[in-house]
Amino acid sequence: ERKKQMPKLILNDRRIFGKEKSLSLKIDQKIKEQSLDERQELEIEYGEHTLRVFEANFMLKSPELKFNMTEKELEVDLIYNYLIFSIMLILNILVVLLAIIPSLNRMLFLIISIVLAIDFVLMFFIGLFQLKIKSE
């Protein structure tokens with residue numbers, strides 16, 4: 001009798017940079033250290049699951065993705081959340097530009113503190129990574 005083959009979750013790493021760092025996968029609340037190649041195949045049972053990707057420091061992470069494994073294969077792309085990335089980039093560029101203006105030097109510490117707090121909230125609660133189910 002042939003053994004029933006487990007379905008596969010295929011994780012495609014589509015990040016432009018930062019691929020040299022290993023990521024951790026959190027599948028159904030179980031953490032798994034994973035060194036991602038361009039394409040990683042994981043055996044997973046049929047049914048509903050959750051997936052989250054994060055770096056060791058928990059700051060660079062993705063929101064939790066809920067999916068139902070009904071097919072033999074399900075492909076998920078890991079990309080950067082470019083909206084969050086852009087907001088953080090613009091805020092940090094503004095801080096540098098504001099540091100040049102002499103009349104704002106007294107408020108510089110406050111401005112930097114606010115921008116760092118916004119950066120932290122965006123990375124911690126929303127995440128810099130995004131997981132997208134690849135549609136056929």
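Mentor: Helices and strands are DSSP runs, numbered from the N terminus. This model is predicted, and its secondary structure comes to two helices and eight strands.

Trainee: In what order do the elements of the protein run from the N terminus on?

Mentor: The order is β-β-β-β-β-β-β-α-α-β.

Trainee: Where is confidence lowest in the protein, and where is it highest?

Mentor: Start with the overall value: the mean pLDDT is 84, and 89% of the residues reach 70 or more. By element, strand 3 (residues 30-34) has the lowest confidence, at a mean of 77. Strand 6 (residues 65-69) has the highest, at 92.

Trainee: What share of the residues counts as buried?

Mentor: Of the 136 residues, 39% count as buried. The accessible surface comes to about 9,200 Å², and carbon and sulfur atoms account for 61% of that area.

Trainee: Which residues touch the most other members of the largest nonpolar core?

Mentor: The general idea comes before the case. In soluble globular proteins, nonpolar side chains tend to be buried together. Here the largest nonpolar core has 24 residues, and those touching the most other members are L9, L25, L51, V53, F67, V76 and L131. Elements giving two or more residues to this core include strand 1 (8-13), strand 5 (47-54), helix 2 (108-126) and strand 8 (129-133). Strand 7 supplies the largest share, four residues.

Trainee: Which residues does L51 touch, not counting those up to four places away in sequence?

Mentor: Among them are L9, L25, F67, V76 and L131, and the list also includes K26, P63 and E64. For the protein in general, take contacts between residues at least 6 apart in sequence: 69% of these join residues at least 24 apart.

Trainee: Which residues form a nonpolar patch on the surface?

Mentor: The patch consists of L89, I90, I93, L94, L97 and I100, with about 580 Å² of accessible area together. Take L97 as an example. L97 lies in helix 1 (residues 82-100). Its relative accessibility is 46%, so L97 counts as partly exposed; the exposed class begins over 50%.

Trainee: What is the phi of D28, and what is that of Q29?

Mentor: D28 has a positive phi of about 50° although it is not a glycine. Q29 is not a glycine either, and its phi is positive too, at about 70°. D28 lies in the loop between strand 2 and strand 3, and Q29 is found in that loop as well.

Trainee: Why does Q29 count as exposed?

Mentor: Q29 counts as exposed because its relative accessibility is 53%, and the cut-off is over 50%. D28 has a relative accessible area of 28%, so D28 is partly exposed.

Conventions: Residues numbered from 1 in each chain as written. Predicted model: local features only at pLDDT ≥ 70, side-chain atom pairs only at ≥ 80, totals over all residues. Heavy atoms only, no water. pLDDT = per-residue confidence, 0-100. Patch = residues over 30% accessible without salt bridge, like charges linked within 9 Å, V, L, I, M, F, W, Y side chains within 5 Å. Areas by Shrake-Rupley, 256 points an atom, 1.4 Å probe, with all protein chains shown as cover. Salt bridge = Lys/Arg side-chain N within 4 Å of Asp/Glu carboxyl O. Buried < 20%, exposed > 50% of the residue type's maximum accessible area, 1.4 Å probe, protein only. Contact = heavy atoms within 4.5 Å. Core = buried A, V, L, I, M, F, W, Y, C linked by side-chain atoms within 4.5 Å.
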